[in-house]
Amino acid sequence: MIRVLFVCLGNICRSPMAEAVFQHLVNEAGLSDQIVVDSAGTGGWHIGERAHSGTLRELAKHNIPYDGRARQLARADFENFDYILTMDYDNLETVQSRQPKDTQPVIKPFLEYANGVVDKEVPDPYYTGGFDYVYKLIENASHGLLKAIREEHGL
Ligand code: 4NP
């Protein structure tokens, strides 16, 4: 089983969208019994909440379901996931700083898997909106990530 965790700050805007879009691709590829997908936030302000209405609206536009609740990144995540993919460099630094020494997930900026975009970070839509642009970046990187995982694991 290959386990993928998306991480942002609040786990209500970007990482839930990434989780939903990537899960949708995994399902379409018939790989849902081989790839597990989840998301978490570095912060704990929104624990237990549904995703932001902007994220849910954008997902609904693309007929992608999502019913997850926000949770905070936990120590066990470093043991339980093979890939931890962060939305921006703040998230990356936080995740790296919390990594227990005896764990070795791949920890990378999610947009390293995107193709043909100049962005290195997924902009935070919480204050300024732009959920449609966030979706475009996430969709692009999700295709690249699935391709990379399939190649790395021979799927
Ligand atoms: P996210 O967006 O990290 O994409 O879920 C945010 C959500 C909440 C907050 C900041 C960013 N906040 O400060 O509460």
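Let's start with what surrounds the ligand: Cys8, Leu9, Gly10, Asn11, Ile12, Cys13, Arg14, His46, Asp124, Tyr126 and Tyr127, where a residue is near if one of its heavy atoms lies within 4 Å. This is a predicted model, so local features need pLDDT of at least 70 and side-chain atom pairs pLDDT 80 or more, while totals for chains, interfaces and linings use all residues. Residues are numbered from 1 along each chain as its sequence is written, and side-chain values use heavy atoms, with hydrogens and water left out.

On the backbone side, a polar atom of Leu9 lies 2.9 Å from a ligand oxygen, and an N or O atom of Ile12 sits 3.0 Å from a ligand oxygen. Taken alone, the ligand exposes 350 Å², and the protein buries 93% of that; these areas are Shrake-Rupley values with a 1.4 Å probe.

Let's move on to Asp77. You'll find Asp77 in helix H3, residues 75-80; helices here are DSSP runs of H or I, at least four residues, numbered from the N terminus. Is Asp77 buried or exposed? Asp77 is buried, because its relative accessible area is 4%, and buried means under 20% with a 1.4 Å probe, protein chains only.

And its neighbours? Leaving out residues up to four places away in sequence, Asp77 touches Leu5, Arg71, Gln72 and Ile84, with contact meaning heavy atoms within 4.5 Å. With Arg71, the Asp77 side chain also makes a side-chain polar contact of 2.9 Å (N or O atoms within 3.5 Å, one able to donate a hydrogen and the other to accept it).

Notes
Helix = DSSP H or I, 4+ residues; strand = E, 2+ residues; numbered from the N terminus. Buried < 20%, exposed > 50% of the residue type's maximum accessible area, 1.4 Å probe, protein only.
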